[in-house]
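Colleague: I've just opened this one and I'm new to it. Could you walk me through it?

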Amino acid sequence: MLKLINSEPSPESQELYLYWIRSESMKDMSSEGYIGVTTNVKNRCGGHDLRLRSGSTDISEHFVQAYKTEDFLIMEVINAGSRSVIEIEEHALRPEPNIGWNIKVGGNGSGYAEKLYSQKLVVS
């Protein structure tokens, strides 16, 4: 079961939400749990719950195992903002595949966040 916390919707309808799914004992979002983005937190929580219960094959085995063995997992909204900002933040937390429970690189996989993130690093 997933417990949803910090899910108050923003008045801006076009915002993207950065979230972290974790066990209660996890403290380091840069290396533990699952980082994702969504425009609808409640629907995304339900989608993860359904996929984890159904045994979807495109989910990390560690994620599935935690779902089966923990009393509950927490889905926490970390930040909300424009697509470009949130995808950069997601990419910063998951710059490579297989970090925490993520199996893919963060930032939408389109290359958009990676490009913006590298441009930001160059400018800094």
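This is a predicted model: local features need pLDDT of at least 70, side-chain atom pairs count only at pLDDT 80 or more; totals for chains, interfaces and linings use all residues.

Colleague: OK, what's the secondary structure of the chain?

Modeller: There are 4 helices and 4 strands. Going along the sequence, they come in the pattern β-β-β-α-α-β-α-α.

Colleague: And how much of the chain counts as buried?

Modeller: Out of 124 residues, 38% are buried. As for contacts in the chain with a separation of 6 or more, 60% of them come from residues 24 or more positions apart.

Colleague: Let's look at helices. At what angle do α1 and α2 cross?

Modeller: Roughly 90 degrees, and their axes come within 10 Å. That angle is why α1 counts as roughly perpendicular to α2.

Colleague: Which residues meet there?

Modeller: From α1 you have His 48, Asp 49, Leu 52 and Arg 53, and they meet Phe 63, Val 64 and Tyr 67 from α2. By type, the residues of that contact split into 4 nonpolar, 1 polar and 2 charged.

Colleague: What about the loop between α1 and α2?

Modeller: α1 covers 41-54 and α2 covers 61-69, and Ser 60 is in the loop between them.

Colleague: Is Ser 60 buried or exposed?

Modeller: Buried, because its relative accessible area is 8%, and the cut-off for buried is under 20%. Leaving out residues up to four places away in sequence, Ser 60 touches Trp 101 and Ile 103.

Colleague: Switching topic: how many aromatic pairs does the structure hold?

Modeller: It holds 3. One of them is Tyr 19 with Tyr 34, a tilted pair at 6.2 Å centre to centre with 35 degrees between the planes. Tyr 19 is in strand β2 (residues 16-22) and Tyr 34 in strand β3 (residues 34-38), so this pair links distant parts of the chain, 15 residues apart.

Colleague: Are those two tyrosines, Tyr 19 and Tyr 34, buried or exposed?

Modeller: Tyr 19 and Tyr 34 are both buried.

Colleague: What's the arrangement of Tyr 34 and Phe 63?

Modeller: Their ring centres are 5.3 Å apart and the planes are at 25 degrees, so that pair counts as stacked. Tyr 34 belongs to strand β3 and Phe 63 to helix α2, so the pair ties together parts 29 residues apart in sequence. Tyr 34 and Phe 63 are both buried.

Colleague: Where does the charged end of Arg 22 sit?

Modeller: Over the ring of Trp 20, at 5.0 Å from the ring's centre.

Colleague: Now the loop between α3 and α4. What's going on with phi of Asn 98?

Modeller: Asn 98 is in that loop, and its phi is near 65 degrees, a positive value in a residue other than glycine. For background, most residues other than glycine have a negative phi. Asn 98 is exposed, because its relative accessibility is 58%.

Colleague: And Ile 99, is that buried or exposed?

Modeller: Buried, because its relative accessible area is 18%. Ile 99 is also in the loop between α3 (83-93) and α4 (112-123).

Colleague: Which residues is Ile 99 in contact with?

Modeller: Setting aside neighbours within four places in sequence, Ile 99 contacts Ser 30, Ser 31, Gly 33, Leu 93 and Arg 94. Ile 99 and Glu 32 are 67 residues apart in sequence, with 7.2 Å between their C-alpha atoms.

Colleague: Where's Val 105?

Modeller: In the loop between α3 and α4 as well. Val 105 counts as partly exposed because its relative accessibility is 28%. Its C-alpha is 5.5 Å from that of Arg 94, which is 11 residues apart from it along the chain.

Colleague: Last one: where does Leu 73 lie?

Modeller: In strand β4, residues 73-81. Leu 73 counts as buried because its relative accessibility is 0%. Leu 73 and Ser 23 are 50 residues apart in sequence, yet their C-alpha atoms are 4.8 Å apart in space.

Methods. Residues are numbered from 1 along each chain as its sequence is written. Side-chain values use heavy atoms; hydrogens and water are left out. Helices (H or I, at least four residues) and strands (E, at least two) are DSSP runs, numbered from the N terminus. Buried means under 20% relative accessible area, exposed over 50%, partly exposed in between (1.4 Å probe, protein chains only). Contact means heavy atoms within 4.5 Å. Axes are lines fitted to C-alpha atoms, for helices over the stretch in contact, and angles run from 0 to 180 degrees between N-to-C directions. Angles under 35 degrees count as roughly parallel, over 145 as roughly antiparallel, 65 to 115 as roughly perpendicular and the rest as oblique. Ala, Val, Leu, Ile, Met, Phe, Trp, Tyr, Cys and Pro count as nonpolar, Asp, Glu, Lys and Arg as charged, and the others, Gly among them, as polar. Rings of Phe, Tyr and Trp (its six-membered ring) pair if their centres lie within 6.5 Å; planes under 30 degrees apart count as stacked, over 60 as edge-to-face and the rest as tilted. A charge sits over a ring if NZ of Lys or CZ of Arg is within 6 Å of the ring centre and within 35 degrees of the ring normal.
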